[in-house]
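Let's take a friendly walk through this model together.

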Amino acid sequence: LEMFQEVRRPFILMDRAETLNDLQTLFHELGHAYHGMISRQETLIWYRDVPMEIAEVASMTMELFALE
């Protein structure tokens with residue numbers, strides 16, 4: 001049995017009402033998930049966490065993709 005921290009796989013838990021705002025929220029959270037996936041390979045835990053401003057870069061970029 002693997003613990004969640006050992007696997008380090010991101011997941012998105014959200015509800016939806018099928019609106020444009022829901023789509024933007026989903027893409028925003030996908031940005032966080034992508035960031036989590038690319039940083040999970042780091043062996044040093046200090047390299048996995050980044051400041052909030054950097055963590056939002058991927059999420060804001062994904063939101064812009066949702067608007068296209």
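Glu18 is found in the loop between α1 (4-7) and α2. Its phi is near 60 degrees, a positive value in a residue other than glycine. Because its relative accessibility is 65%, Glu18 counts as exposed; the scale used here calls a residue buried under 20% relative accessible area, exposed over 50% and partly exposed in between, with a 1.4 Å probe and protein chains only.

A word on the basis of these values. This is a predicted model, in which local features need pLDDT of at least 70 and side-chain atom pairs count only at pLDDT 80 or more, while totals for chains, interfaces and linings use all residues. Residues are numbered from 1 along each chain as its sequence is written, and side-chain values use heavy atoms, with hydrogens and water left out.

**The chain as a whole**

The chain holds four helices and zero strands, giving the pattern α-α-α-α along the sequence. Helices here are DSSP runs of H or I with at least four residues, strands are runs of E with at least two, and both are numbered from the N terminus. Of the 68 residues, 16% count as buried. The accessible surface comes to about 5,800 Å², and 61% of that belongs to carbon and sulfur atoms; such areas come from the Shrake-Rupley method with a 1.4 Å probe, and for residues only the protein chains shown count as cover. With contact meaning heavy atoms within 4.5 Å, 62% of the contacts between residues at least 6 apart in sequence join residues at least 24 apart.

**Helix α2 and its partner**

Helix α2 (residues 20-39) has 20 residues and reaches 29 Å from its first C-alpha to its last, close to the 28 Å expected at 1.5 Å a residue. That expected span is 1.5 Å times one less than the number of residues. Which residues of α2 are buried? They are Asp22, Gln24, His28, Gly31, Ala33, His35 and Ser39. Their cover includes α3 (45-48) and α4 (52-67).

The axes of α2 and α4 come within 7 Å and cross at roughly 145 degrees. These axes are lines fitted to C-alpha atoms over the stretch in contact, with angles from 0 to 180 degrees between N-to-C directions. Residues of α2 that meet α4 include Leu23, Phe27 and Leu30, and those on the α4 side include Ala55, Met60 and Phe65. The contact divides into ten nonpolar, five polar and two charged residues.

| Residue | Relative accessibility | Class |
|---|---|---|
| Gln24 | 19% | buried |
| Gly31 | 0% | buried |
| Arg40 | 23% | partly exposed |

Gln24 lies in helix α2. Leaving out residues up to four places away in sequence, Gln24 touches Glu63, Ala66 and Leu67.

Gly31 is also part of α2. Beyond its neighbours within four places in sequence, Gly31 is in contact with Ala58, Ser59 and Met62. Gly31 and Met60 are 29 residues apart in sequence, and their C-alpha atoms are 7.4 Å apart in space.

Where does Arg40 lie? Arg40 sits in the loop between α2 and α3. Its C-alpha is separated by 7.8 Å from that of Arg9, 31 residues apart along the chain.

Definitions and conventions: Nonpolar A, V, L, I, M, F, W, Y, C, P; charged D, E, K, R; others polar.
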